[in-house]
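Subject: Structure handover

Hello,

Here is the structure we talked about. Please open it alongside this note, as the findings follow below.

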Amino acid sequence: MSALHLCLIFSTLLFALGLAAALSRSNAILVLLGVELMLNAANINFIAFWRFSPQFASNPHAGVIFAVFSIAVAAAEAAVGLALIIAVYRHYKNVRLQDADQLKG
């Protein structure tokens, strides 16, 4: 089993863990953490495919650029998600997703 296969297995397990956390939890913060785990699994795939590709020597920064862009998108997503969670908490006094079924102002 090669190192690429180990990276892909690890990222698959991380993605499955994040998906299970996002779908099975009712707490909005834990759902957000599950989404972050899935994004980190995608980053591991970016880095693994970049590192073990045959064009690694000719384009040494492509995978890192994709991963940094993905991390920036994840940071923006976390900021928006936390702002929504704070707004839901101020309105409903808890962060359960079942209670936040109406998002009217």
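Asparagine 43 sits in helix 2. Helices here are DSSP runs (H or I, at least four residues), strands likewise (E, at least two), numbered from the N terminus. Asparagine 43 counts as buried because its relative accessibility is 8%. Buried means under 20% relative accessible area, exposed over 50%, and partly exposed in between (1.4 Å probe, protein chains only). Setting aside neighbours within four places in sequence, asparagine 43 is in contact with Ala67, Ser70 and Ile71. Contact means heavy atoms within 4.5 Å.

First, the ground rules. This is a predicted model, where local features need pLDDT of at least 70 and side-chain atom pairs count only at pLDDT 80 or more, while totals for chains, interfaces and linings use all residues. Residues are numbered from 1 along each chain as its sequence is written, and side-chain values use heavy atoms, leaving out hydrogens and water.

Confidence next. pLDDT is the predictor's confidence in each residue, from 0 to 100. The protein has a mean pLDDT of 87, and 97% of its residues reach 70 or more. Confidence is highest in helix 1, at 94, and lowest in helix 3 (residues 62-92), at a mean of 88.

Now the overall build. The protein has three helices and zero strands. Along the sequence, the pattern reads α-α-α. The C-alpha atoms fill a box of roughly 55 × 25 × 15 Å, taken along the principal axes. The radius of gyration is 17 Å, whereas a compact globule of 105 residues would come near 13 Å. That radius is taken over C-alpha atoms, and the globule rule is 2.2 Å times the number of residues to the power 0.38. Buried residues make up 23% of the 105 residues. Of the contacts between residues at least 6 apart in sequence, 55% join residues at least 24 apart.

Helix 1 (residues 3-24) has 22 residues and should span 32 Å at 1.5 Å a residue; its end C-alpha atoms are 31 Å apart, which agrees. The expected span is 1.5 Å times one less than the number of residues. Its buried residues are Ser11, Leu14, Gly18 and Ala22. Seen down the axis of helix 1, they fall within an arc of 75 degrees, so they line one face of the helix. The arc is that of the directions from the helix axis to the C-beta atoms. Helix 2 (28-51) is included in what covers these buried residues. On the other side of helix 1, Leu13, Leu17, Leu23 and Ser24 are exposed.

Leucine 23 has a relative accessible area of 70%, so it is exposed. Its C-alpha atom is separated by 9.7 Å from that of valine 35, 12 residues apart along the chain. Alanine 21 is also in helix 1. Not counting residues up to four places away in sequence, alanine 21 touches Leu30, Val31 and Gly34.

Back to helix 2. Its 24 residues should span 34 Å at 1.5 Å a residue; the end C-alpha atoms are 35 Å apart, which agrees. Which elements do its buried residues pack against? They pack against helix 1 and helix 3. Among those buried residues are Val31, Gly34, Met38, Asn43 and Trp50.

Best wishes
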